[in-house]
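Okay, thanks for having me, everyone.

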Amino acid sequence: MPHDGHDHDHATTFQPDIKEPSEEWEFLEIALRELLIDKGVVSAREIADTVEAWENKTPEAGAQIIAKAWTDADFKSRLLANGNSTVAELGIVFEGTQLVVVENTADLHHMVVCTLCSCYPRPILGMPPLWYKSKSYRARTVREPRAVLAEFGTDIPTSTEVRVLDSTADIRYLVIPRRPDGTDGMSVEALAALVTRDSMIGTATALQPDGGRTAA
Amino acid sequence: MSRFAPGDRVSVAKAFPPGHVRTPTFLRGLTGTVVRHFGAFPNPSLLAYGMSGQPPLNLYQVVFDMDDVWDGDGEYAAGDTVAADIYENWLEAAPQSNRKD
């Protein structure tokens, strides 16, 4: 029954709904979750709390790590040698996979992808952005990294080697972006504000103190 | 005990076994250079099926010249590279002389 004199289909909205489960793995997840709840292994609330806790993680921990590395050469050396034990010095827990930290320089620019799925250093960067998990980013980054970088507004000189790191196994990568010029004497807290998520994936450079982007 | 060391030239097996495999298809059959040895990790192709993944496999970062992978059919600069983390059972020693540079 048209309520305002026209006949339109209210089933079509601009806000996409969550898709009804249809894949085998989705039914498997639902069945396993319901069984665990029925048997009292975990509660529905505990599952929801865990999902919420992961969704609440942000790249702030990563930025804190980078700012510390920019200001403390010994810390940076330890970080490059052993990511897991060194971030633990800051009270950051990174367990289950090996954290490998790489440094961007004038000669070498790293950018990270997982061509197989969505491997990402979630404990320190939070959940990966949707584009990181897209087939487009995953397929194109290993083949046309400079085109992908250009779409992020990131121009790396051709004299700088772009090295795409495909995290195909038990390693999670964190990129130390180049420290912007004109930041001598800035506090670790102020420096951390210049370290964006994308700069730690390698699709961007760090911010300059005035909010612009550092030259690569 | 790891079989390869940084700087070693290695070839990725050109194999297409069924099951859960972590070696990217686009690198199979290609030759690259070992950058680092990460240690040994449970075999993911066994872990995926509920097994223990033992014995563990050595895992290496192997870097490839973009040109060796795409032969010009991509958007990269001369000297750009792609590196992947590959388990030892996928790698064979390759002649050092293949290095282009």
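So, how many disulfides are there over all chains? The count comes to 0, taking a disulfide as a pair of cysteine sulfur atoms within 2.5 Å. Bear in mind that this is a predicted model, where local features need pLDDT of at least 70 and side-chain atom pairs count only at pLDDT 80 or more, while totals for chains, interfaces and linings use all residues. Residues are numbered from 1 along each chain as its sequence is written, chains are lettered from A and ligands numbered from 1 in the order in which they are written, and side-chain values use heavy atoms, with hydrogens and water left out.

On to the interface. Here 27 residues of chain B are in contact with 25 residues of chain A, contact being heavy atoms within 4.5 Å. Which salt bridges cross over? The rule finds 2, meaning a side-chain nitrogen of Lys or Arg within 4 Å of a carboxyl oxygen of Asp or Glu. One joins A:Arg143 to B:Asp73, with N and O 2.7 Å apart.

Now, who supplies chain B's side? Strands E2 (31-41), E3 (57-65) and E4 (81-87), plus helix H2 (66-70), each give two or more residues; these are DSSP runs, numbered from the N terminus, with helices (H or I) of at least four residues and strands (E) of at least two. E4(B) has the largest share, 6 residues.

Across the whole structure we get 14 salt bridges over all chains. Take A:Glu29 and A:Arg33, which meet at 2.6 Å, N to O. Both lie in helix H1 (residues 24-38) of chain A, 4 residues apart, about one turn. A:Glu29 is partly exposed at 38%, and so is A:Arg33 at 29%.

A:Lys19 pairs with A:Glu26 at 3.8 Å; A:Lys19 is exposed at 55%, whereas A:Glu26 is buried at 14%.

Last one: A:Glu52 bridges to A:Arg45 at 3.8 Å, and shared partners join A:Arg45, A:Asp49 and A:Glu52 into one network.

How values were computed: Buried < 20%, exposed > 50% of the residue type's maximum accessible area, 1.4 Å probe, protein only.
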